[in-house]
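Notebook open, structure viewer running. I want to jot down what I look up as I click my way through this chain.

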Amino acid sequence: APAWRQLYSTEEKSDLERRPPVVTILGHVDHGKTSLLDKIRQTNVQEGEAGGITQHIGAYQVEHDNRVVTFLDTPGHEAFTAMRSRGAAGADIAVLVVAADDGVMPTTREALAHARAAGVPIVVALNKIDRNNANPEYVKQQLAEELDLRSDEWGGDTLVVPVSAKTGDGIEDLIEAILLVADDTEILANPNTKAAGTVLEGRMEQGRGPVATLLVQNGTLHTGDIVIAGTSHGRIKAMFDEKGKTVKEAKPSQPVSVMGLDDPPHAGDMFEVVKDIKVARSTTEMRQFEQDQAEIQPAVAFTLEDAFERFQAGETKELLLVIKVDVDGSLEPVVQSVEHIEVADFNVRVLHAGVGNISEDDVNLANASGAIIIGFNVHADTAAARTAESLGVDIRSYNIIYKLIESVELALKGLLEPEYADRTIGVAEVRALFRVPRVGNIAGSYVLDGTIRRNSKA
């Protein structure tokens, strides 16, 4: 279960109440995620509020038919996955924005993979329907065939809502669709307990000191509560809502901006309320120490060899993979071959499959989900390799399909031998060649990354 579900897993069933859904907006770069968020916000600002919403606090609440929806104002699956990799899963529902004139893009596919990996229900917003070249029916067909998102009017279970962030058409329908999905999902919390939830952002403000935006996910947060957020702690001096109004308490799914922490926490840190400042101080000191130690020692990877031990220990029943291949033609054969592997009760689930080199985004997805990256005829780019090393994400590259399948099968059976591979410590570019008699060729090189050591192989 996502981390926020664990927040209330210990609560008595009778104490749990429904809370407003928290929604994140994902999709391709210029399909209008930010303008959609802005339109939702404008539509909801009550008449007579001067300047509307003054505070940018990373989230805001919208009212519709006396019901509330919380929107996270950090669009993009990068932010979403960064939060997941830190243990938070801020959203209950993901809205996938697809432009009606442009259709499914590689980033759309990627964003969907991130939402599915987080296990959240998905609503599709078909944006830009006001455009002359919009073709909603074709895009619906694309969604069904390529992404397996069949719209409800075609007998599927995905709500596809045509909207226009420009004119405001369909915005109300989108919020209604979100509330319908929320009704089918258990979005619960116990408001009568100590608050806990997720940090949406932390920053230093002039005259205010460290300010953090907290999203309460269980319990109720009050002014004067002592809070631990990651390696920061403090007593809450003041709380503000997205309109900049002072509030005394914040209930589940409510975002608030708070003052009183000793340091700005990081987005995605979990926060909790503790009873006294001594406990808060000792906990954060311990966390800081552990964090410093973790920086000295590289992260321990979950490798393909560990898969069997994880199954044996009952920690998981499936092997999660992120697959990248060189050409479109190889994608389906590789994914299907891997998904058909079954050993005893263990199975393989492909979180995301795409074409192109392994990117930093793939590494972050694998890290947040506990997956292994498999490349077929592709390599990891420099940023991805560096991130994978620091996070301890296992990347495997193959150029023969049966070797790839054999490795996964052996991993599930616990028979995979450790793989010894060359580790890149530096990359340099040859800029000029000099011929020196009796010495040979000398390459005048420029170091692009890492270090070049004497006696190392190149």
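My entries below go from the whole chain to single strands, helices and residue pairs.

**Ground rules**

I am working with a predicted model, in which local features need pLDDT of at least 70 and side-chain atom pairs count only at pLDDT 80 or more, while totals for chains, interfaces and linings use all residues. Residues are numbered from 1 along each chain as its sequence is written, and side-chain values use heavy atoms, with hydrogens and water left out.

**The whole chain**

I began with the overview: the secondary structure of the protein chain comes to 12 helices and 24 strands. Helices (H or I, at least four residues) and strands (E, at least two) are DSSP runs, numbered from the N terminus. Next I looked up burial, and 48% of the 458 residues count as buried. Here buried means under 20% relative accessible area, exposed means over 50%, and partly exposed is in between (1.4 Å probe, protein chains only).

I also checked the total surface: the protein chain exposes about 23,000 Å², and carbon and sulfur atoms supply 48% of it. These areas come from the Shrake-Rupley method with a 1.4 Å probe, and for residues only the protein chains shown count as cover. Then contacts (heavy atoms within 4.5 Å): among those between residues at least 6 apart in sequence, 71% join residues at least 24 apart.

How many residues of strand E10 are buried? I got nine of the 10, with E10 spanning residues 209–218. Strand E9 (residues 196–205) runs antiparallel to E10, and nine bridges join them. One of the facing pairs is Gly-197 with Val-216 in E10.

**The five-stranded sheet**

Further along I found an open sheet of five strands with mixed pairing, in the order E19-E20-E18-E21-E22. Strand E19 (342–343) and E22 are at the edges with a single partner strand each, so one side of each has no neighbour in the sheet. E21 (residues 372–376) pairs with E22 in the parallel sense over four bridges, and Phe-376 stands opposite Tyr-398 in E22.

What lies across this sheet? I see helix H12 lying across E18, E19, E20, E21 and E22, at about 160° to E21. That angle is between N-to-C directions and runs from 0 to 180 degrees, with axes as lines fitted to C-alpha atoms, for helices over the stretch in contact.

**Helix H10**

Why do I call helix H10 (residues 360–369) largely enclosed? Seven of its 10 residues are buried, so the rest of the structure largely encloses it. The buried ones include Asp-361, Val-363 and Leu-365. Ser-369 is buried too, at 15% relative accessible area. Just after H10, Gly-370 takes a positive phi of about 70°.

**A nonpolar patch**

I then looked at Ile-400, in the loop between strand E22 (395–398) and helix H12 (401–413). Ile-400 is partly exposed at 38% relative accessibility. Together with Ile-401 and Tyr-402, Ile-400 forms a nonpolar surface patch with about 280 Å² of accessible area. Patches are made of residues with over 30% relative accessible area and no salt bridge; like charges are joined within 9 Å, nonpolar side chains (Val, Leu, Ile, Met, Phe, Trp, Tyr) within 5 Å.

**Salt bridges**

Last stop: the structure holds 13 salt bridges, each a side-chain nitrogen of Lys or Arg within 4 Å of a carboxyl oxygen of Asp or Glu. Glu-137 and Lys-140 form one at 3.5 Å, N to O. They are three residues apart in helix H5 (residues 136–147), so about one helical turn separates them. Glu-137 is partly exposed at 42%, whereas Lys-140 is buried at 6%.

Glu-429 and Arg-431 form another, with the closest N and O atoms 2.9 Å apart. Finally, I noted a network in which salt bridges that share partners join Glu-201, Arg-203, Glu-205 and Arg-208.

Conventions
Two strands pair if DSSP finds at least two bridges between them.
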